[in-house]
Amino acid sequence: MAMGNPVSLVRCNPDKSELTGSVAKALELIGFNTKKKVNTAIIKPNLNYYWEAATGCTTDPLLVGAIIDYLREKFGRDLNIKVAEADASAMRTKHVFPMLGYDKLAEEKQVELLNLSEDVLRKEKVSVSGRNIEFEVPQSLLDVDLFVNVPKLKIMRVTKITCAMKNIFGCIGKPRKFAYHPILEEAIVGINKVLKPHLTIVDGLVGLGRSPVKLDLLMASVDVFSIDWVVARIVGYNPRRVKFLKIAMREKIGNPNGISTCGEDVEPFKRRFPGESFLSQKFVWDVQFKILRLYKRISGDVIPPFLEEE
Amino acid sequence: MIKVAIAGLGRQGMLHLMNCNHIDDVQVVAAADLSRKARTKAKSFGVENLYEEYDKMIRSSRDLDAVILSVPNFLHLPCIELALEAGLDVFTEKPLANTVRECQQIVSLVRKSGRKLMIGHNCRFYEFSEKMKRELDNGSLGNLEVVTAEEVINGPFAHPYVPSPVSEWWFDPKKAGGGVLLDIGYHMIDLFRFFAGDAKVLYSFLGHRFGLPIEDTAIVLLQSHSTNVKGIINVGWYERTIFPRFNFRVILHGNAGYLASHDLVPKNLYSYAAKVGIKNVVRRVIGRKIAPLKYTYFYESYYKELEHFFNCIETDAEPSVSAEDGLKTIEIVESVYQASEKVNGNGKPS
């Protein structure tokens with residue numbers, strides 16, 4: 001079983017001119033270096049919906065721009081860089097790129113935008129907790145020399161945290177990822193068995209708890225599990241109680257022993273993060289819908305389709 | 001019994017279908033939508049005649065009295081034309097149509113047909129709008145000086161509970177006809193007209209933060225023709241809002257007082273919903289009619305507007321929102337687009 005990896009935390013100024021330096025510092029702290037020749041790189045931000053970075057929901061294009069600058073500095077101006085995202089149940093990549101400023105970024109930095117759902121998709125079957133799960137995996141992510149995962153630091157009602165490993169789930173080519181939701185935790189672990197980014201840089205410029213918060217934080221590691229373990233602590237959850245991390249440990253794709261942090265301390269970020277009780281969050285939603293459905297049955301009243309589960 | 005057909009079974013059309021089932025002497029006998037899933041759902045609500053195409057539904061349905069149109073903006077004119085030709089009364093979602101020219105055609109068609117047409121200007125049917133109008137007409141605010149109307153939400157990008165993609169027509173400026181000004185601004189302009197009468201545009205700004213060919217931000221300053229009342233309209237599609245949070249308010253500023261919608265909306269929508277819900281359960285138990293959607297406060301307006309439309313058919317009265325209202329509102333919207341086009345080329349696509 002792989003031992004945990006160092007995770008760097010860097011307090012950064014979200015100013016465009018200083019971000020590249022912060023990225024370099026975060027990677028220097030974890031001793032990131034790759035001996036192999038890097039000709040191609042794919043950066044996968046988290047663009048799960050049409051909400052701007054300041055809402056805490058999506059990766060800031062400024063950070064992706066800084067990472068592009070860093071990679072070119074390190075691997076040469078000829079490095080072929082693509083910024084990639086896949087369609088999601090409610091989001092279409094062809095719209096989200098222009099709406100969130102990625103079209104402009106691509107033009108400015110001369111990089112290509114890639115819709116992973118339109119890539120060559122390879123069927124992969126993996127077993128998680130004794131369950132076989134099939135994925136359509138974009139070939140480009142398997143072939144690329146350097147796969148950089150750039151998730152957002154945020155909480156989610158279903159999985160408690162959504163960061164490095166969940167952003168890899170977002171790479172699945174099939175748009176209707178909602179179909180995996182009954183087995184979401186297993187699916188997150190499953191896709192992380194197939195797709196292994198070489199590097200993860202977390203956008204914690206604005207984090208999302210019960211509300212967005214300016215954290216001015218960058219995190220980096222070569223291990224998605226280690227990142228998520230530390231992120232769980234920042235957002236106020238015990239990582240040992242995050243179901244997909246527990247499954248990941250059982251499936252031997254992560255090990256909390258040996259995870260170390262470097263750079264800034266976790267505590268100041270943890271104190272600033274507007275956490276949310278998972279129980280109350282889940283409870284409120286579930287109970288709300290149960291009451292609503294019961295009320296509908298008894299009274300015959302209408303539930304607006306917008307609020308309906310089915 | 002008024003026999004009704006519904007064209008378009010998206011979320012709004014489906015809501016109309018469910019609401020119709022609560023209105024006395026109204027029966028939805030036909031519905032049309034390209035989605036099989038939507039048609040199957042409509043069947044579960046007792047709709048017997050289901051079609052893929054709205055035109056086939058209108059042409060082949062017999063004994064229809066009225067049609068509810070909940071189709072994309074660009075289909076309003078052809079749908080209304082077909083329905084009026086078939087001798088049906090029409091309830092259509094807003095906007096009446098995408099352009100002044102189309103609206104004028106509709107107004108003319110309605111006049112010729114002698115049928116009723118009502119537009120879903122549901123904001124007029126909010127409980128607070130009705131109360132504000134009453135107070136204004138009673139004179140308790142004195143002379144009205146300024147109306148502030150603002151709504152900043154996600155618009156078509158609002159994330160539903162079960163994720164589903166935003167309809168493609170919203171991204172096509174020719175089909176959508178415009179952006180937030182036509183979508184939400186239309187309602188706010190209509191509210192201004194509701195309180196202060198017809199207006200002209202003094203100033204306007206359209207923003208394109210999302211880089212779409214349609215605007216996602218609009219700020220408009222209006223002035224009423226007859227009373228010089230000013231209107232400040234501020235609408236946007238950029239806010240991540242999840243119901244029951246609702247960034248919407250109207251303020252009437254008079255020289256003897258003011259009224260603000262946020263003072264009239266229940267402070268806690270959850271406890272309000274609980275109270276109204278219990279009342280409805282009691283009504284149901286003792287065999288009385290419930291007040292549909294009242295527990296949501298805001299969504300009740302969709303029920304009330306339909307109830308009003310069917311009342312007008314039954315009593316042969318004119319609906320409170322006419323085709324002319326739609327035309328006047330679109331005239332203002334279009335003048336903003338034209339002004340913006342002149343200034344920076346960011347107006348409505350031709």
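Two residues are in contact if their C-beta atoms, placed from the backbone, lie within 7 Å. By that rule, and leaving aside neighbours within four places in sequence, A:Ile67 is in contact with A:Val23, A:Ile43, A:Val148, A:Val150 and A:Ile201. The model is predicted.

**Nonpolar core**
- The largest nonpolar core has 200 residues.
- A:Ile67, B:Val67 and B:Phe192 are the residues with the most contacts inside this core.
- Helix H8 of chain B, residues 180–196, gives the most to the core, with 12 residues.
- In soluble globular proteins, nonpolar side chains tend to be buried together.

**Contact between chains A and B**
- Chain A brings 26 residues into contact with 30 residues of chain B.
- On the side of chain A that touches chain B, the elements giving two or more residues are helix H3 (93–99) and helix H11 (278–299) of chain A.
- The residues on that side of chain A are 15 nonpolar, 5 polar and 6 charged.

**Domains of chain B**
- The domain assignment places 2–122 + 303–315 of chain B in domain 1 and 123–266 + 326–344 in domain 2.
- Taken over C-alpha atoms, the centres of these two domains of chain B are 24 Å apart.
- Their contact takes 18 residues from domain 1 of chain B and 16 residues from domain 2 of chain B.
- On the side of domain 1 that touches domain 2, helix H5 (100–113) and helix H11 (300–315) of chain B are the elements that give two or more residues.
- H5(B) gives the most to this side of domain 1, with 4 residues.
- By type, the residues of this side of domain 1 of chain B are 9 nonpolar, 6 polar and 3 charged.

Notes
Residues numbered from 1 in each chain as written. Chains lettered and ligands numbered in written order. Predicted model: local features only at pLDDT ≥ 70, side-chain atom pairs only at ≥ 80, totals over all residues. Domains from an automatic or database assignment. Nonpolar A, V, L, I, M, F, W, Y, C, P; charged D, E, K, R; others polar. Core = buried A, V, L, I, M, F, W, Y, C linked by C-beta atoms within 7 Å. Buried ≥ 20, exposed ≤ 12 C-beta atoms within 10 Å, placed from the backbone.
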